[in-house]
Amino acid sequence: MIFVLKNQAQISSEKKLGTWYMYNGTHQLSEKFALKTSFHIRYFEFISEYQQEIYRTGLTYSPSEKWSFTGGIVYSITDTSYKTNQPNLYEFRFYQDVNLKDKWGLFNVNYRVRLAQRFREQASQRKTTHRIRYGLFANYSINKKLKIYGFNEIFIKFATRLFGQNRTGLGFFHQFDKQLKLRVGYMHTKFRNTFSHRLQLGIILNTNHTKNKV
């Protein structure tokens with residue numbers, strides 16, 4: 001099917017360590033509302049063989065310290081092939097998140113459920129699909145500047161073949177100051193017939209625009 005990432009492309013790049021370069025930001029607008037922003041550029045290899053660029057923004061509502069809800073939009077461009085010439089896949093998406101924060105002893109834990117309505121176009125053919133993701137994310141503070149983290153996230157499609165992918169990763173966060181954080185990690189993704197290895201390098205920017213309000 002034209003909207004499915006080509007198995008040939010995935011198999012041929014299995015042994016490559018691809019890279020995700022990431023920016024993620026949370027910008028507090030009021031006590032309960034925040035703006036989420038994100039930009040990723042992804043490669044099949046370290047700095048070559050372009051795979052995808054993805055733009056995301058959303059509005060988060062937090063009725064309490066534990067619970068938050070986000071709704072937003074995503075736009076992405078994906079090269080579905082590896083070292084072959086295939087039409088790009090263009091996607092516009094709505095998404096909705098439910099997040100729950102918890103504690104497991106010394107570990108900070110976040111549960112996330114994400115729904116997505118995906119409008120996809122490749123080679124002038126269009127298709128609408130739906131997906132749900134469930135993720136478990138945990139981190140542990142080594143000191144004030146350094147945290148280690150791990151996560152697992154499964155993707156389920158509303159289709160005949162339910163399983164989409166499963167992502168498992170680990171790494172660390174380094175806190176430069178109250179606003180800026182560095183993320184370095186590794187992620188393994190299992191698809192139905194293949195898998196991928198990815199290095200994740202990113203910055204996280206958190207700002208608060210409520211402090212100067214009267």
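Student: Which residue in β7 stands opposite Tyr111?

Tutor: Leu136 in β7 stands opposite Tyr111. This is a predicted model, in which local features need pLDDT of at least 70, side-chain atom pairs count only at pLDDT 80 or more, and totals for chains, interfaces and linings use all residues. Residues are numbered from 1 along each chain as its sequence is written, and side-chain values use heavy atoms, with hydrogens and water left out.

Student: How do you know that β6 and β7 are paired strands?

Tutor: Strands are DSSP runs of E with at least two residues, numbered from the N terminus. Two strands pair if DSSP finds at least two bridges between them. Here 15 bridges join β6 to β7 (residues 125-141), and the two run antiparallel; therefore they meet the definition of a pair.

Student: How many bridges join β5 to β6?

Tutor: Strand β5 (residues 89-104) and strand β6 (residues 107-122) are joined by 16 bridges and run antiparallel. They form a hairpin with two residues between them, and Gly105 in the turn has a positive phi of about 65 degrees.

Student: Why is Arg120 called buried?

Tutor: Buried means under 20% relative accessible area, exposed means over 50%, and partly exposed lies in between (1.4 Å probe, protein chains only). Arg120 has a relative accessible area of 12%, so the residue counts as buried. Glu91, with 4%, is buried as well.

Student: Which salt bridges does Glu153 form?

Tutor: The side chain of Glu153 meets Arg112 at 2.9 Å, N to O, and Arg133 at 3.0 Å, N to O. Glu153 lies in strand β8 and Arg133 in strand β7, so this pair ties together parts that are 20 residues apart in sequence.

Student: Why does Leu17 count as partly exposed?

Tutor: Leu17, found in strand β1 (residues 17-28), has 45% relative accessibility and therefore counts as partly exposed. The C-alpha atoms of Leu17 and Glu45 are separated by 5.6 Å, although the two residues are 28 residues apart along the chain.

Terms used
Helix = DSSP H or I, 4+ residues; strand = E, 2+ residues; numbered from the N terminus. Salt bridge = Lys/Arg side-chain N within 4 Å of Asp/Glu carboxyl O.
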